[in-house]
Amino acid sequence: MENNKKLRVAITHGDTNGTGYELIFKTFAEPGMLDLCTPIVYGSPKVATYHRNALNIEANFTIINDATEMAENKVNLLPILEEEVKVDLGEASEESGNAGLVAIDRALEDYKKGLFDVLVTCPLDNNYKFHFSGQSRYINDHLGIMTEGLTILVNEGLRIALATRNLPLKDVCECLTKNVIVKQATLLHNCLKRDFRVSCPRIALLGVNPKAGDSGLLGSEEVDIIQPAIEELASNGIQAFGAYPSDTFFGNGDYEQFDGILAMYYEQAFTPFHIIPATNGINYTAGLSLIRTAPDMPNNLSQAGKNIVKIDAFRNAIYTAIDIYRNRSNYDEPFANPLPKLYKERKEEGEKVRFAIKRNDNMPKE
């Protein structure tokens with residue numbers, strides 16, 4: 001296993017009116033970044049030069065015609081735009097948004113050819129001029145596979161996954177079923193073990209109603225859907241707890257007792273993720289063969305062209321993608337040539353009883 005090899009990191013330039021090139025140039029100006037990985041930027045030399053001049057920063061890149069030509073210790077830039085793109089820094093436009101999607105399309109083509117190891121995407125926002133489904137969903141839908149990925153928000157203190165995709169609140173309960181929750185919680189469990197190397201993950205499930213339904217007074221989804229899902233997860237050997245009311249769960253710091261959290265809808269995940277003091281937040285699409293991360297930067301366009309963007313989240317997106325690649329390699333290696341079983345495995349009754357007690361205890365602290 002070549003665990004210490006320098007990985008090939010594909011980077012899409014995002015919205016060409018946004019902060020993508022500033023993030024790339026500033027990150028790879030730091031000593032040691034090119035020793036860690038070999039970047040290949042899917043973008044435009046002309047747009048890159050425009051950003052460099054507008055920001056008045058020093059930045060060098062090498063233009064290549066194909067991903068197979070990437071050189072180590074260089075910022076490789078692969079042109080993906082046939083036509084020139086007008087750049088209006090900080091302005092929303094359909095043209096600049098589409099330029100970001102073209103970069104993703106080309107990167108996915110090269111991924112299928114095995115030409116890079118991990119993908120990091122620069123910010124590309126859904127806005128009033130450019131409407132699309134979001135990068136996570138776009139990548140999932142255009143990989144050409146039937147598997148559906150799981151969005152996980154990651155920073156130093158939190159790993160929050162979404163049980164439902166970006167939906168209007170009125171549609172959330174309609175899309176929540178026991179099978180959906182079991183599927184998403186299982187994906188989170190497997191991701192924590194394989195991608196983050198958590199040996200025995202503890203997962204908290206949040207309620208969907210105020211006060212987690214208050215024993216059915218404020219809604220029945222917790223009793224009818226979430227609790228049966230927890231029972232099934234437990235029978236599958238997954239440590240799942242809940243359902244917890246999100247206000248006290250985050251307000252009391254109970255989230256610190258868990259390795260992962262499954263939120264039922266968008267705001268339930270993103271609001272605490274943006275408020276709880278932690279830095280370097282990223283968005284990770286789990287459950288796919290492609291390892292893809294992105295910096296969590298909601299103010300992409302408003303910061304563009306001002307030379308004020310902080311690179312911590314983008315740099316952490318690169319670090320995390322590399323860590324996940326190596327974690328997967330370490331996790332998968334023992335399964336490549338497994339020894340034949342010489343005995344029949346049996347679960348001890350004592351373990352079942354102990355696990356059931358923990359699972360039914362609605363308090364996260366033991």
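**Pocket and rings**

Modeller: Helix 5 gives the most to the lining of the largest pocket, with 4 residues. The model is a predicted one.

Biologist: What is the volume of the largest pocket?

Modeller: Rolling a probe the size of a water molecule over the atoms shows where empty space is left. For the largest pocket, the volume comes to about 940 Å³.

Biologist: Which domains supply the lining of the largest pocket?

Modeller: Elements that give two or more residues to this lining include helix 5 (135-142), helix 7 (178-194) and strand 11 (282-286). At least three lining residues are drawn from each of domain 1 (1-154 + 280-330) and domain 2 (157-278).

Biologist: How many residues of the lining are nonpolar, polar and charged?

Modeller: The lining has 38 residues, and those nearest the pocket centre include Ser136, Asn166 and Tyr266. By class, the lining holds 7 charged, 15 polar and 16 nonpolar residues.

Biologist: Which residues do ring pairs link into a cluster?

Modeller: The whole structure was searched for aromatic pairs, and 13 were found. Rings count as a pair if their centres lie within 6.5 Å. Such pairs join into one cluster Phe241, Tyr244, Phe249, Phe250, Tyr255 and Phe258.

Biologist: Over which ring does the charged end of Arg202 sit?

Modeller: A charge sits over a ring if, for Arg, CZ is within 6 Å of the ring centre and within 35 degrees of the ring normal. The charged end of Arg159 sits over the ring of Phe196, 4.9 Å from its centre. For Arg202, the distance to the ring centre is 4.6 Å, and the ring is that of Phe241.

Technical notes. Residues numbered from 1 in each chain as written. Predicted model: local features only at pLDDT ≥ 70, side-chain atom pairs only at ≥ 80, totals over all residues. Heavy atoms only, no water. 1 Å grid on protein atoms, 1.4 Å probe; cavity = no way out; pocket = protein on both sides within 12 Å on 5 of 7 lines; lining within 4 Å. Points joined across faces, edges and corners; volume = space filled by probe spheres on them. Nonpolar A, V, L, I, M, F, W, Y, C, P; charged D, E, K, R; others polar. Domains from an automatic or database assignment. Phe/Tyr/Trp six-rings, centres within 6.5 Å; stacked < 30°, edge-to-face > 60°.
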